[in-house]
2 protein chains.
Amino acid sequence: MIVVVCLNPALDVTHRVDAVDWGGVNRPRAVHARPGCKGLNVARTLHALGVDVLVLGLAGGVTGAGVEAALRELGVPAAFTPVAGETRRTFSVIDGGRVAAFHEPGPEVGAAEYAEFRADYQKAVAGAEAVVLSGSLPPGLPAGTYATLIQAAGVPAVLDTHGEALRRGAAAGAAIVKPNLAELAALAGGPLATRGGPGLAAVAAGELSGAQAVVVTLGPDGLLAATADGCWRARPPATVAGNATGAGDAVAAAPVAGEFRHQDYLGALRAVAVEEVR
Amino acid sequence: MIVVVCLNPALDVTHRVDAVDWGGVNRPRAVHARPGCKGLNVARTLHALGVDVLVLGLAGGVTGAGVEAALRELGVPAAFTPVAGETRRTFSVIDGGRVAAFHEPGPEVGAAEYAEFRADYQKAVAGAEAVVLSGSLPPGLPAGTYATLIQAAGVPAVLDTHGEALRRGAAAGAAIVKPNLAELAALAGGPLATRGGPGLAAVAAGELSGAQAVVVTLGPDGLLAATADGCWRARPPATVAGNATGAGDAVAAAPVAGEFRHQDYLGALRAVAVEEVR
């Protein structure tokens, strides 16, 4: 069983309008609401691949209940720890080709609520093969939260987050950390010119030392994996059309799915299209 | 007791952002969610004035549960009839001086669900002094819905809606109908040049014949009341600053509040600042 941790889930609401009136009343021609956030994208992907998965996290209020109900409908097992605050929404307005997104911050999490989650987490990881920790931290939780959870896991941990929480999680010995290029650039303090070359691998290994592997997702260019044994790049075999939201998130599911478990992330990369970067 | 009917309630979500990035991710600096729609504005106003009130309507899903929870918190008694669909949200983005609003349509209401509401309504109006019917009809309910509810009420009815539902509600003998200038202009089929004069009163009486009184709200110019006995205008005693949303809705509360009950809407008008229009 794979435990997927989602500390700051969201209900993603999308409105499609023909042409936004940016000073008036718009009546969306289509409205969709679905459970959002990186961790839930990972859990949905694992579930679709037939992997036994359990979502843990923090959820509260009617929006939290909405996230739980939507996961039940999808058949994805979840056991959220309740919080008093209201789970956040994200709103996206799609106007022809443009998308404006509005991301609420999430509820403030109290110490007693987090302690309850920690107890639930410890019970769940005792029976797990691996843990995936994905997404932002809600207000009230310190940047070292993921580092502590990784150290306490006792099983390999895949971490997909950003900023100081990502750096500390790597230092705590994550099996794999999975930034995208922008997240890595933010840590490096400036834009990264290279796309998938050895220079990028060196930056990844330097900024995120402590992790056994750094997988950098490169959007349509695929991904780069930097490990102690070398550096590999995988490109998509074909260009895919459609909404790319969540595609990078779902990459965190690959190393723990099926034959790719037990830290055989290089096997996972070879299954797509790998070249060694020198 | 005053029954306030709200067939298409909403959870109003407001995001304040400093400057919208209309093609990227925005992180609102303030998020507010509160029960919305005209009927709930009336009920809140009556409750604040100390009037015994009961909100009826249709609510479903986690958003419906959110509306009910928010009314409980405000201390406003409500007994919604459950529907299978999800109660709508409205989403407003405030960007400095501009407001963009996105109004979801509301759930499709089934015949059996509406029949259950009708039974709840009939029980409630049996013990009521008056009924206020406010807001749009959800998808699935015909334009004659308010007319039927007014005829079945057995007590004076105040109606605040638009279009054909408004016209038919007046024809069914509403005590008071309360369009704003734009809603009256839509019925009249063109812009109305006059603001509060006898010409406007004639249009109001003509378009909404059958109602005992037509009260037209005129924004900062106050309101006009056209009855069989004559036509009166009330102007605000002073200019008020702030967000005007809901101010027009709340006018429907005045004729049924406290000393202004029993159809003494002229008494209500005189209490503010009345002049007869000739």
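Reader: Leaving aside neighbours within four places in sequence, which residues is A:His15 in contact with?

Author: This is a predicted model. A:His15 sits in strand E2 (residues 10-17) of chain A. Its contacts beyond four places in sequence come from both chains. From chain A they are A:Pro28, A:Ala30, A:Val31, A:Phe91, A:Ser92, A:Val93 and A:Ile94, and from chain B they are B:Phe91, B:Phe102 and B:Glu104.

Reader: Is A:His15 buried or exposed?

Author: Buried means under 20% relative accessible area. A:His15 has 0% relative accessibility, so it counts as buried.

Reader: How many Å apart in space are A:His15 and A:Val93, C-alpha to C-alpha?

Author: A:Val93 is among the residues that A:His15 contacts. In sequence the two are 78 residues apart. In space, C-alpha to C-alpha, the separation is 4.9 Å.

Reader: What area do chain B and chain A bury between them?

Author: The contact draws 30 residues from chain B and 30 residues from chain A. Carbon and sulfur atoms carry 68% of the buried area. The total is about 2,500 Å².

Reader: Which element gives the most to the side of chain B that touches chain A?

Author: Several elements of chain B each supply at least two residues to that side. They are strand E2 (10-17), strand E3 (25-26), strand E4 (30-36), H2, strand E7 (88-95) and strand E8 (98-103). With 6 residues, the one that gives the most is E8(B).

Reader: How far does helix H2 of chain B reach from its first C-alpha to its last?

Author: Helix H2 of chain B covers residues 61-74, which is 14 residues. At 1.5 Å a residue, 20 Å is expected. The reach is close to that, at 20 Å.

Reader: Why do the buried residues of H2(B) line one face of the helix?

Author: The buried residues are B:Thr63, B:Gly64, B:Gly66, B:Val67, B:Ala70 and B:Leu71. In an α-helix, residues three or four places apart point the same way, because there are 3.6 residues a turn. Seen down the axis of H2(B), the buried residues line one face because they fall within an arc of 155°.

Reader: Which residues are exposed on the other side of H2(B), and which residue follows the helix?

Author: On that other side, the exposed residues are B:Arg72 and B:Glu73. The helix is then followed by a residue with a positive phi, near 80°. That residue is B:Gly75.

Reader: What phi does A:Cys37 have?

Author: Most residues other than glycine have a negative phi. A:Cys37 lies in the loop between strand E4 (30-36) and helix H1 (38-48) of chain A, and is buried at 12% relative accessible area. Although A:Cys37 is not a glycine, its phi is positive, about 90°.

Reader: And what is the phi of B:Cys37?

Author: B:Cys37 is in the loop between E4 and helix H1 (38-48) of chain B. Its relative accessible area is 13%, so it is buried. B:Cys37 is not a glycine, yet its phi is positive, about 90°.

Reader: Which backbone oxygen does the side chain of B:Thr145 reach?

Author: B:Thr145 belongs to helix H4 (residues 145-153) of chain B. At 3% relative accessible area, B:Thr145 is buried. Not counting residues up to four places away in sequence, it touches B:Leu7, B:Tyr114 and B:Leu137. At 2.6 Å, its side chain reaches the backbone oxygen of B:Pro142.

Key: Residues are numbered from 1 along each chain as its sequence is written. Chains are lettered from A and ligands numbered from 1 in the order in which they are written. This is a predicted model: local features need pLDDT of at least 70, side-chain atom pairs count only at pLDDT 80 or more; totals for chains, interfaces and linings use all residues. Side-chain values use heavy atoms; hydrogens and water are left out. Helices (H or I, at least four residues) and strands (E, at least two) are DSSP runs, numbered from the N terminus. The expected span of a helix is 1.5 Å times one less than its number of residues. Buried means under 20% relative accessible area, exposed over 50%, partly exposed in between (1.4 Å probe, protein chains only). The arc is that of the directions from the helix axis to the C-beta atoms. Contact means heavy atoms within 4.5 Å. Buried area is the accessible area (1.4 Å probe) that two parts lose on being put together, summed over both. A polar contact is a pair of N or O atoms within 3.5 Å; within protein, one must be able to donate a hydrogen and the other to accept it, and residues adjacent in sequence count only if both atoms are side-chain atoms.
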